[in-house]
Amino acid sequence: MSTLTIPHVVPSPQEDCEKLHTAFSGWGTNEGDIIEVVAHRTAAQRNAIRRTYHDIYGEDLLKSLDKELTQDFEKAVLLWMLDPIERDAALVNGAVKKWSPHDRVLVEIAVTKTANELLAVRKAYQEKYKKSLEEDVAAHTTGDFRKLMVPLVSSYRYEGPEVDSGLAKSEAHTLRKHIKDEEYNHEEVIRILTTRSKSQLMATFNAYHEEHGNPINKDLKKDPKDDFLFALRSIIRCITCPERYLEKVIRLSMKNTGTDEDALTRVVTTRAEVNLKEIKEIYYKRNTVKLEHAIKKDTKGHYEDFLLALVGSDEE
Amino acid sequence: MADETLSLKKAFSGHGGFGVDETTMAAMVAKWRKQPDQKSRFRNDFSGFFTNIGSIEKCEDDYLLRLKTEFSRFKNIMVLWLMHPWERDARWMHHVMHKSYPFTVIVEIACTRTSEELLGAKRAYQALFNHSVEEDVAYHIKESYSKLLVGLVSSFRYEGPQVDNEMAKWEAKALGNAIKSGGSGKLIQNEEVIRILTTRSKRHLKATFKHYKELHGKPIEEDLGANLCLQETVKCIDKPAKYFSEAINTAFKEGADKPSKLSLTRVIISRADVDMEEIKETYHKQFGVKLEDMITKNTHGHYKDTLLTLIGK
């Protein structure tokens, strides 16, 4: 569920645009006003503001924001202001351009979305970048990762609830065989994980656990530093429990050794209107600290204010 | 008398060819009414259809099966014509895995349809069969060309006008290297070959093939070896009219098998509203004979009439 707080009476797009325009003008920028507007509007309202701003002032609002804001705050606001599907396409493009086996973004976006959502991202990607998402992923990844990532981002999974339990057992068996032989990159492993429906895969993972004693992710931890195994485990977690997976991403982004602002921004902006509430609950259960407190501790300035506005607080 | 026998034979597809001539058959029923001798003479004269076991006359089982097909050609083409193109494509792809249609049908559909048409076919497939076509192809087809097939069917190619010419040149070189280094057996599983053929836009690929020809002095098809899947993929992307014209022609060849014959209906139905004019021109250039004439010569009855209407005279 969304964690946004929208005012009872929402100002018109024109009023919002005037407030933003005033916030930009003169020396310095009124970041507080900017946050007050953008962090408390839904995606549809934000799109309306962008359109209206262009109509009134003849400029793309994002360009103005780019000029006025800086650093992590700017990155977060720009990402937030994009239409959600455009945002995912932009995140993928960013991830692809600087791809390394450490990348976490492609799996996250490809697997936590529904088939039609992922398709919408692929369409948006083509419009924005004049290439298909899969051709860019294919061209920027190599070896085993390419074998895994291209089918993953190209998948158009069946979304029905039907499960073939005989098939689940046999494919669990196949997975077990290759995992035991440490053939993690085997064709069959990739085929099963990248083509089967999510319902079928959940049944397969259950069958794996029942028949072979361990949850499948436990058997994929042979080398905790191996990026390919990490990718496989992430795929499985994104299918079985995406909110827990995202909680971990947020938690790790604020470790003692410094904050990974990109990851934190990404999860907060992509989830604030989707399931950030559930992720917050999991965060609290796991860490006995509220997410907003962790953010307060780990971030500062306008970036902190912006994140807190999106994350919301139960104390209000 | 001999003429009647001949025309009735032909009506039952007795001289090869497709479809049956129901009008002639119905006329014969009227003509030979109460003339069992006539019928007996016909049976003895038509050894493909009828045979004798001792003194018992019987139908040849093989011929009966063929006849069933010929009677249903018209029914099939009518049903297919009325079906939504997405459902058609979905069912044809399903037949590859469940009715032994040749795998090239999947290449054909994945590579000659637009991105949106292919997507529609995939949605129809899911609605009809409760599986994604990707999972079925990956699961049921375990051949050297599986990876290429799955990649082709998963594609959602960019369709805009932008082409990175430098990249196309580079990829033409990469294809050349892949061809030089692997035998044709390995080529079908070569990562770069698969990546380029299954993810790049069609415009990009046409540019790439053009550069290949300039670089190596011959079209890439000549260097792909006997690799059917690769050949058909390149043809479908680069010269679809040629691909379709050849697919139609295999149906007319002497001794054409059932799948080849099926391609006649499939190609004409699926392209009638798309690029039939171009296919006709290509056919004429390639085989020196008009498509209308080949159809008139080789098919019968309502099936023939429908085909001729669909290709536009």
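Predicted model: local features only at pLDDT ≥ 70, side-chain atom pairs only at ≥ 80, totals over all residues.

Student: Okay, which residues have the most contacts inside the largest nonpolar core?

Tutor: That core has 93 residues, and the ones with the most contacts inside it are A:Val38, A:Ile250 and A:Phe306. Helix H15 (residues 227-240) of chain A gives the largest share, 8 residues. There's also a second, separate core of 76 residues, with B:Met97 and B:Tyr283 among them.

Student: What does A:Val38 touch, leaving aside its neighbours within four places in sequence?

Tutor: A:Val38 is in contact with A:Leu20, A:Arg46, A:Val77, A:Trp80, A:Met81 and A:Phe306.

Student: Which residues does UniProt list for "binding site"?

Tutor: The unreviewed entry lists A:Phe24, A:Gly26, A:Gly28, A:Glu68, A:Gly258, A:Thr299 and A:Glu304. They're spread in space, up to 34.7 Å between C-alpha atoms. From this set, A:Gly258 is in the lining of the largest pocket.

Student: Let's take A:Thr299. Is it buried or exposed?

Tutor: Buried means under 20% relative accessible area. A:Thr299 has 6%, so it counts as buried. You'll find A:Thr299 in the loop between helix H19 (291-298) and helix H20 (301-311) of chain A. A polar atom of its side chain lies 2.7 Å from the backbone oxygen of A:Ile295.

Student: And where is A:Glu68?

Tutor: Look in helix H4 (residues 61-68) of chain A. A:Glu68 is partly exposed, at 26% relative accessibility. Its side chain makes a polar contact with the side chain of A:Thr29 (2.9 Å).

Conventions. Residues numbered from 1 in each chain as written. Chains lettered and ligands numbered in written order. Heavy atoms only, no water. Core = buried A, V, L, I, M, F, W, Y, C linked by side-chain atoms within 4.5 Å. Buried < 20%, exposed > 50% of the residue type's maximum accessible area, 1.4 Å probe, protein only. Helix = DSSP H or I, 4+ residues; strand = E, 2+ residues; numbered from the N terminus. Contact = heavy atoms within 4.5 Å. UniProt positions renumbered as here; feature names shortened; annotations may be inferred. 1 Å grid on protein atoms, 1.4 Å probe; cavity = no way out; pocket = protein on both sides within 12 Å on 5 of 7 lines; lining within 4 Å. Polar contact = N/O pair within 3.5 Å; in protein donor to acceptor, adjacent residues only side chain to side chain.
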